[in-house]
Amino acid sequence: MSSLENAGRRHLPPLWVMALGLVAVAANLRTVMASVPPLVQTISSDLGLSNAAMGALTTLPVLCMGVFAPTAQRLASRIGAAAAVEAAAACLAVGTALRFFGGQVWPLYAGTFVAGVGIAIGGTLLPGLVKELFPPQRAGLVTGLYMFAMMGGATASSALAVPLRDRLGSWEGSLASWSLLGVVGLLAWLPVTRGASRHRAANPPVAVDHRLPWRHTTAWLVAAYLSVQSWQFYSSLAWLAPTYVAEGWDPTRAGYLLSAFSFAQLVSGLVGPTLSDRVHEHRLLLFGAGAFGLVGLLGLWLAPEAAPWVWAVVLGLGQGAAFSLALVLIVDYGATPAGSGRLAGMAFLISYTIASLGPTTMGAVRDATGGFDAVWLSLMLVMVVQLALVRQLRPGLRQVP
């Protein structure tokens, strides 16, 4: 049983209630970004924004995820991790709702920033809460559910972006409509916050070191792996649909293609961590994920029109498994829940700050070259680096205390 359960399970809600709350919050962690790409042409036309500026709508939340990852740990130490996640859910709901006023540029970016802060806090703290709230033998399964919900939200938001625009009469309404999902997450997490607060009051937390593990080799390896993986993921998320719109596809069809990419991540994001409960040598799973991603990127570079749905699905399978297994690494390489939290804070600070440059950089590459071939070639080379890093992530690495 977990440390919290040993200390007094009576203060916490049932495991299924906590799992439901986790899923509801996680479903919001990618909608802010995934709902934009199918609407890129409409938004850029209405607001007169360049490809680089449109890439910034994906870049900004990712940058927030890096910059505010250490803030999440400090906030958790003051009010508790569960209460900090409740605050994150509120930021997601409010920030997404602000996009309703996106006809003026500043509310569009301001809302994206506020939601990005919520993503940073929630995304940083949830892996540690998995280790803290759930039995160790269920860590992979719960991480898979977390990924399933996150990618499910991304799948739905990309698939419905254009239909919601048509139904609601504006792209602003389409983007802002996902604030309702934020409200669901806010309400579903309340029982966890209340139970954790009662537990915190009955069992005052022992002082722990919240400093980031800058001198820990394992932390740097995990951060490096997440950096290259996240650069690829957010760049693919931002530019997969626009690639095919530029080829003459209808935006709705391109949105469905992005949904296929996200749905594949939903599947592999659940399967990968579940298999990690049974496969001790996680590098076998990480290499498999990288191989899928490499094939998908190669297809998008050399023959994008030959089998677009195949390339999108294969790339999605690789990306979903690669990221979900990275979350498993954060749980595994943390000696305690606090250690996992410190590792997550450092890994997310480095990786998301670097990855935030991806969508805008790839947008600039597209502007400079006049096409997307160079974008997918660049991402394929980054995947090669990812595979090289996997070799170093062996079992038995020194854990972060």
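A crossing is left-handed if the near helix is turned anticlockwise from the far one by less than a right angle, and right-handed if clockwise. The model discussed here is predicted, so local features need pLDDT of at least 70 and side-chain atom pairs count only at pLDDT 80 or more, while totals for chains, interfaces and linings use all residues. Residues are numbered from 1 along each chain as its sequence is written, and side-chain values use heavy atoms, with hydrogens and water left out.

Q: What makes α7 roughly antiparallel to α8?
A: The axes of helix α7 (residues 81-98) and helix α8 (residues 105-133) cross at roughly 155 degrees and come within 7 Å. Angles over 145 degrees count as roughly antiparallel (under 35 roughly parallel, 65 to 115 roughly perpendicular, the rest oblique), and α7 is therefore roughly antiparallel to α8. The crossing of these two helices is left-handed.

Q: Which classes of residue make the contact of α7 with α8?
A: Contact means heavy atoms within 4.5 Å. Among the residues involved are Val85, Leu92 and Gly95 of α7 and Val114, Gly118 and Leu125 of α8. Ala, Val, Leu, Ile, Met, Phe, Trp, Tyr, Cys and Pro count as nonpolar, Asp, Glu, Lys and Arg as charged, and the others, Gly among them, as polar. By class, the contact has 16 nonpolar, 6 polar and no charged residues.

Q: Why are α2 and α8 called roughly antiparallel?
A: The axes of helix α2 (residues 15-26) and α8 cross at roughly 175 degrees and come within 12 Å; α2 and α8 are therefore roughly antiparallel to each other. Leu15, Met18, Leu22 and Val25 of α2 meet Leu126, Val130 and Leu133 of α8. The residues of this contact divide into 7 nonpolar, no polar and no charged.

Q: Why does Thr124 count as buried?
A: Buried means under 20% relative accessible area, exposed over 50%, partly exposed in between (1.4 Å probe, protein chains only). Thr124 has 1% relative accessibility and therefore counts as buried. Thr124 is placed in helix α8, and its side chain reaches the backbone oxygen of Ala120 at 2.6 Å. Leaving aside neighbours within four places in sequence, Thr124 is in contact with residues including Ala69, Gln73 and Phe348.

Q: How do you know that Ser44 is buried?
A: The relative accessible area of Ser44 is 18%, and Ser44 is therefore buried. Ser44 lies in helix α4 (residues 40-47), where its side chain reaches the backbone oxygen of Val40 at 2.9 Å.

Definitions and conventions:
Axes are lines fitted to C-alpha atoms, for helices over the stretch in contact, and angles run from 0 to 180 degrees between N-to-C directions. Helices (H or I, at least four residues) and strands (E, at least two) are DSSP runs, numbered from the N terminus. A polar contact is a pair of N or O atoms within 3.5 Å; within protein, one must be able to donate a hydrogen and the other to accept it, and residues adjacent in sequence count only if both atoms are side-chain atoms.
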